[in-house]
Amino acid sequence: MRLARVAAAVVAAGPAAWAAAHAAAPAVRAWTDPTRQPVGTGPLHATAGDLGDGPVVVALHGITASGRSFGASFDDLPIVVPDVLGFGRSMDVDVEGYTRDDHLDALASTLRGIGVLGRPLVLVGHSMGAVLALHAATRLPGVMGVVALSAPLYDDEEEGLHRIARTDHLAGLLATGDLAERVCTWMCTHRSTARALWPLLAPRWPWPIAADGVLHTWPAYRGSLQSLVLDSGWRTAMDSLVDTGVPVLLMNGSDDPIQVPARAAGLATHPTVELVEVDGAGHELPLSHGAECVRAIEERLSRWAGGRP
């Protein structure tokens, strides 16, 4: 299989080179495993910290990731972190299409099972999870605001695929199409082997994060990519939040190739939309710049709880 051959080539190229690239990667240097505990009885696997009796942060990870993307830097927040529908330890929650409604229904049911649905919420999302957070903010009760980290705000599928391909050649090859399906199907059939091999192809990620990146199926990946990235309806959600005065923080890395910078800047002309750019950061903000993300979330928690946009 091609994945195994590529991994073998990476190993043959030199363990020392891999180790050097791994050690130098910002995400590897900054991320540590969270200590949150499993919580709730809903359809999604979720972990949480000390939720107290005030506002709750709900953090939603990106595609081909898991809730562990929000590492130990986030542990001191009053936070709930689900593995979103079809990914990570929610991989076996089976639905027909992995549509936006499927994701939103699973999220609402999970928050209800944890006992936080109806409490004041700050929705935090990374990448695909950022778009999910925007949509969830229009549906869930009590949302104080949204922190959208590295949100892929694309106008059409062509633009989205072009931007994804800019991250690296492998990402472009595996975004969609026959090769992507074959690789994903092979990973499903050889899950344990894939979890061992995939980190070798991705030295810039912490090993547990890369290993979790194979915990999904082709239907979950393809349906979620289409409904929450390539044809995500984000403008409808954003327009609704602007109309209802729900504040949104867009937080992007200055070196993130996934972004359309002018689009984020244009959105920030609305009085309830704010844009913060993290100098030198790429797309993996929760991993590489977790402390900066937490400071931004804490500031908005205080501001939004006080009724200020």
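Colleague: Which residues of β5 are buried on one side, and which on the other?
Modeller: In this predicted model, L121, L123 and G125 are buried on one side of β5, while V122, V124 and H126 are buried on the other.

Colleague: How many residues of β5 are buried in total?
Modeller: Six of the six residues in β5, which spans residues 121-126, are buried, and the strand is mostly covered.

Colleague: What about its partners: in which sense does β5 pair with β3, parallel or antiparallel?
Modeller: Strand β3, residues 56-60, pairs with β5 in the parallel sense over five bridges. Strand β6, residues 143-149, also pairs with β5 in the parallel sense, over six bridges.

Colleague: Which residues stand opposite G125?
Modeller: L60 stands opposite G125, and G125 also stands opposite A148 in β6.

Colleague: Changing topic to the helices, at what angle do α5 and α11 cross?
Modeller: The axes of α5 (residues 128-137) and α11 (residues 218-230) cross at roughly 65° and come within 9 Å. That angle makes α5 roughly perpendicular to α11.

Colleague: Is the crossing left-handed or right-handed?
Modeller: The crossing of α5 past α11 is left-handed.

Colleague: And which residues meet there?
Modeller: From α5, M128, V131 and L132 meet S224, L228 and V229 of α11. The residues of this contact comprise five nonpolar, one polar and no charged.

How values were computed: Residues numbered from 1 in each chain as written. Predicted model: local features only at pLDDT ≥ 70, side-chain atom pairs only at ≥ 80, totals over all residues. Heavy atoms only, no water. Axes fitted to C-alpha atoms, helices over the stretch in contact; angles between N-to-C directions. Helix = DSSP H or I, 4+ residues; strand = E, 2+ residues; numbered from the N terminus. Parallel < 35°, antiparallel > 145°, perpendicular 65-115°, else oblique. Left-handed = near helix turned anticlockwise from the far one by under 90°. Contact = heavy atoms within 4.5 Å. Nonpolar A, V, L, I, M, F, W, Y, C, P; charged D, E, K, R; others polar. Buried < 20%, exposed > 50% of the residue type's maximum accessible area, 1.4 Å probe, protein only. Pairing = 2+ DSSP bridges.
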